Amino acid sequence: PDINHSSYEFSRAHKNIRTGLMVVSGMTPKAYAEISRVRKGGDFHNLLDLCRRTDVRLTPNSLISNLIKMGACDSLGLKRAQMLAIMDEEGDAIRRTLSGSDGLEPPKMEELPQQEIIRHEIAAAGYCISVDQLLLYKDLIRQCRALTPYDIASKHVDKEVHVAGFLDHVEHESPLIEDGEQVLLDMEGRVVAMPKKASRLY
């Protein structure tokens, strides 16, 4: 998502899909309406601009922090670590001061470790968006000689394979289940059949 370009819901951006701000925890329709209203006067230039131009009653500091955690403010020129530190240390004072110098001095610090970025994104939206979490387990997946959901192809149909991935949904009843002895696993949009007896282990 992007604070200057995302709609409330998911939207098309050229050949891609832009994540809507609705995924961010605390983003209500009224909060988005406030952001959208203010954006009509021009894009947000930096974090200070975002904090001062929006109504704290509709976009509280906790929401601004979640927008930062989810990456929606990455285009504002600072690292997520810096923006979160500013909100934690000076957020209340910034929101009370509606005018003044734009010369806020950001703290000098390294960006958050990847694991912490992932943790923040999951906390702010329920899932990770900036990195494929399977990459964190690539060595283990290779050792297990398993496929990722993205590796599954037509040549694997009716074959017994090992798949490593994140399970989105288990379907026990479906027209695709022929003999009633299988369940279907939705693994990030790829459907994998598993014997019903084996599924009881999970």
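**Helix packing and local details**

Mentor: Helix 3 and helix 4 are roughly antiparallel to each other, a label used for angles over 145 degrees, whereas under 35 is roughly parallel, 65 to 115 roughly perpendicular and the rest oblique. Helices (H or I, at least four residues) and strands (E, at least two) are DSSP runs, numbered from the N terminus. This is a predicted model, where local features need pLDDT of at least 70 and side-chain atom pairs count only at pLDDT 80 or more, while totals for chains, interfaces and linings use all residues. Residues are numbered from 1 along each chain as its sequence is written, and side-chain values use heavy atoms, with hydrogens and water left out.

Trainee: At what angle do helix 3 and helix 4 pack, and how far apart are their axes?

Mentor: The angle is about 165 degrees and the axes are 10 Å apart, for helix 3 at residues 61-69 and helix 4 at residues 80-96. Axes are lines fitted to C-alpha atoms, for helices over the stretch in contact, and angles run from 0 to 180 degrees between N-to-C directions.

Trainee: Which residues of helix 3 and helix 4 make the contact?

Mentor: Helix 3 contributes Asn61, Ile64, Ser65, Ile68 and Lys69, and helix 4 contributes Arg80, Met83, Leu84, Met87, Gly91, Asp92 and Arg95. Contact means heavy atoms within 4.5 Å.

Trainee: And is helix 3 mostly covered or mostly open?

Mentor: Mostly covered, with seven of its nine residues buried. Buried means under 20% relative accessible area, exposed over 50%, and partly exposed in between (1.4 Å probe, protein chains only). The buried residues are Asn61, Leu63, Ile64, Ser65, Asn66, Leu67 and Ile68.

Trainee: What covers the buried residues of helix 3?

Mentor: The cover includes helix 1, helix 2 (47-53), helix 4 and helix 5 (114-125). Just after helix 3, Gly71 has a positive phi of about 90 degrees.

Trainee: Where is Leu78?

Mentor: Leu78 sits in the loop between helix 3 and helix 4. It is partly exposed, at a relative accessible area of 25%. Apart from neighbours within four places in sequence, Leu78 is in contact with Met83, Ile86 and Pro106. The C-alpha atoms of Leu78 and Glu111 are separated by 9.4 Å, and these two residues are 33 residues apart along the chain.

Trainee: Switching to rings: how many aromatic pairs does the structure hold?

Mentor: One. Tyr8 and Tyr32 form a tilted pair, 5.6 Å centre to centre with 45 degrees between the planes. Rings of Phe, Tyr and Trp (its six-membered ring) pair if their centres lie within 6.5 Å; planes under 30 degrees apart count as stacked, over 60 as edge-to-face and the rest as tilted. Tyr8 lies in the segment before strand 1 (11-13) and Tyr32 in helix 1 (residues 29-39), 24 residues apart.

Trainee: Is Tyr32 buried or exposed?

Mentor: Tyr32 is buried, with a relative accessible area of 14%, while Tyr8 is partly exposed at 22%.

Trainee: Last topic, backbone: what is phi of His14?

Mentor: Phi of His14 is near 60 degrees, a positive value in a residue other than glycine. His14 is in the loop between strand 1 and strand 2 (16-18) and is exposed, with a relative accessible area of 77%.

Trainee: Where is Asp158 found?

Mentor: Asp158 is in the loop between helix 6 (138-143) and strand 3 (169-171). Its phi is positive, about 65 degrees, although it is not a glycine. Asp158 is exposed, at a relative accessible area of 79%.
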